[in-house]
Amino acid sequence: MRNVNRCVGGLLSSRIAQAHGAEGLPPDTIKVNLTGSAGQSFGGWLAPGVTFTLHGDANDYTGKGLSGGTLAVMPPEGVTFAAEENVLIGNTVLYGATSGRAFFRGLAGERFA
């Protein structure tokens, strides 16, 4: 996956909602593990049953419109910096989120949640 596919969470969740309604799927039915730098709106609109885990960093609007899914962003293994002292996710994180769970190991930019 490349960062130009930044709305993959929304595309996937839209298909889930069409097939299963707003209740989505059972927890962790679909698990997506990624590595690298994610673009804007990473994990946007994740539906129930979808879990995105990123070992890397993410840009602005991470978790935008989170809708019941689970989102986790953490530094890649083996980094030499302290996560709690470095920005890992961009600005305006979780904008419009209504439900779900989000876990971030590091600092966020401005306008968090």
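Biologist: Where does Thr-92 lie?

Modeller: Thr-92 sits in the loop between β4 and β5 (99–104). The model is a predicted one.

Biologist: Why is Thr-92 called buried?

Modeller: Its relative accessible area is 9%, and buried means under 20%. Thr-92 therefore counts as buried.

Biologist: What makes the pairing of the side chains of Thr-92 and Arg-111 a polar contact?

Modeller: The two side chains come to 3.2 Å. The limit for a pair of N or O atoms is 3.5 Å, with one able to donate a hydrogen and the other to accept it. The pair therefore qualifies as a polar contact. Leaving aside neighbours within four places in sequence, Thr-92 is in contact with Tyr-61 and Glu-110 as well as Arg-111.

Biologist: How do you know that the length of α1 agrees with what its 13 residues should span?

Modeller: The expected span is 1.5 Å times one less than the number of residues. For residues 8–20 that gives 18 Å, and the end C-alpha atoms are 18 Å apart, so the two agree.

Biologist: Which residues of α1 are buried, and why are they said to line one face of the helix?

Modeller: The buried residues of α1 are Gly-9, Gly-10, Ser-13 and Ile-16. Seen down the axis of α1, they fall within an arc of 125°, so they line one face. Their cover includes β1 and β2. On the face turned away from the buried side, α1 carries the exposed residues Leu-11, Arg-15, Gln-18 and Ala-19. Just after α1, Gly-21 has a positive phi of about 75°.

Biologist: What makes a set of residues a nonpolar core, and how many residues has the largest one?

Modeller: The members must be buried residues of the nonpolar kinds listed for a core, joined through side-chain atoms within 4.5 Å. The largest such core has 19 residues, and among those with the most contacts inside it are Phe-42, Leu-46 and Ala-58. At least two of its residues come from each of β1 (30–38), β2 (50–58), β3 (67–74) and β4 (87–89). The most come from β2, which gives four.

Biologist: Which residues does Ala-58 touch, not counting residues up to four places away in sequence?

Modeller: Ala-58 touches Ala-38, Phe-42, Leu-88, Ile-89 and Gly-90.

Key. Residues numbered from 1 in each chain as written. Predicted model: local features only at pLDDT ≥ 70, side-chain atom pairs only at ≥ 80, totals over all residues. Heavy atoms only, no water. Buried < 20%, exposed > 50% of the residue type's maximum accessible area, 1.4 Å probe, protein only. Contact = heavy atoms within 4.5 Å. Arc of directions from axis to C-beta.
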